[in-house]
Amino acid sequence: MDPAFPFGKDTNLHPDIPSLSSAFPMLIGELLYLALLTHPDIAHTIMTLAQFSSKAKLHHYAAAKQGCLTVQILECLT
């Protein structure tokens, strides 16, 4: 993980999300599907992020996008 990544802080990495309340749960669902099929080792992290689905903020979305990047990296390594 990138130590400079702004977990826990408000960020402007994804400022153009029109409906965060629907985009975040959809992203979490996609990551859970990937975790179940390909990488069960990231399921715990995704489930922890899923706890914030009802009151997601931009830094939660940024963390979920980092999870997408992690899955892409793991796919390249295998």
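Among contacts in the protein chain between residues at least 6 apart in sequence, 76% join residues at least 24 apart. The model is predicted, and its protein chain contains three helices and zero strands. Read from the N terminus, the order of elements is α-α-α.

**Chain and surface**

- The protein chain has 78 residues, of which 32% count as buried.
- The accessible surface of the protein chain comes to about 5,300 Å², and carbon and sulfur atoms account for 63% of that surface.

**The largest nonpolar core**

- In soluble globular proteins, nonpolar side chains tend to be buried together.
- The largest nonpolar core in this model has 16 residues.
- Within this core, the residues that touch the most other members are Phe 24, Ile 28, Leu 31, Leu 49, Tyr 61 and Ala 64.
- Two or more residues of this core come from each of the elements α1 (20-37), α2 (43-50) and α3 (58-77).
- The element that gives the most to this core is α1, with seven residues.

**How α1 and α2 pack**

- Two packed helices are described by the angle between their axes and the distance between the axes.
- The axes of α1 and α2 cross at roughly 160° and come within 10 Å.
- Angles over 145 degrees count as roughly antiparallel, and α1 and α2 are therefore roughly antiparallel to each other.
- The crossing in which α1 passes α2 is left-handed.
- On the side of α1, the contact is made by Phe 24, Ile 28, Leu 31, Leu 32 and Ala 35.
- On the side of α2, the contact is made by Ala 43, Ile 46, Met 47, Leu 49 and Ala 50.
- Phe 24, Ile 28, Leu 31 and Leu 49 take part in this contact, and these residues are also among the core members that touch the most others.

- Leu 32 lies in helix α1 and is one of the residues of α1 that make the contact with α2.
- Leu 32 has a relative accessible area of 24%; buried means under 20% and exposed over 50%, so Leu 32 is partly exposed.
- Leaving aside residues up to four places away in sequence, Leu 32 touches Ile 46 and Met 47, and both of these residues belong to the α2 side of the helix contact.
- Leu 32 and His 44 are twelve residues apart in sequence, and their C-alpha atoms are 9.5 Å apart in space.

Conventions. Residues are numbered from 1 along each chain as its sequence is written. This is a predicted model: local features need pLDDT of at least 70, side-chain atom pairs count only at pLDDT 80 or more; totals for chains, interfaces and linings use all residues. Side-chain values use heavy atoms; hydrogens and water are left out. Helices (H or I, at least four residues) and strands (E, at least two) are DSSP runs, numbered from the N terminus. Buried means under 20% relative accessible area, exposed over 50%, partly exposed in between (1.4 Å probe, protein chains only). Contact means heavy atoms within 4.5 Å. Accessible areas come from the Shrake-Rupley method with a 1.4 Å probe; for residues, only the protein chains shown count as cover. A nonpolar core is a set of buried Ala, Val, Leu, Ile, Met, Phe, Trp, Tyr and Cys residues joined through side-chain atoms within 4.5 Å. Axes are lines fitted to C-alpha atoms, for helices over the stretch in contact, and angles run from 0 to 180 degrees between N-to-C directions. Angles under 35 degrees count as roughly parallel, over 145 as roughly antiparallel, 65 to 115 as roughly perpendicular and the rest as oblique. A crossing is left-handed if the near helix is turned anticlockwise from the far one by less than a right angle, and right-handed if clockwise.
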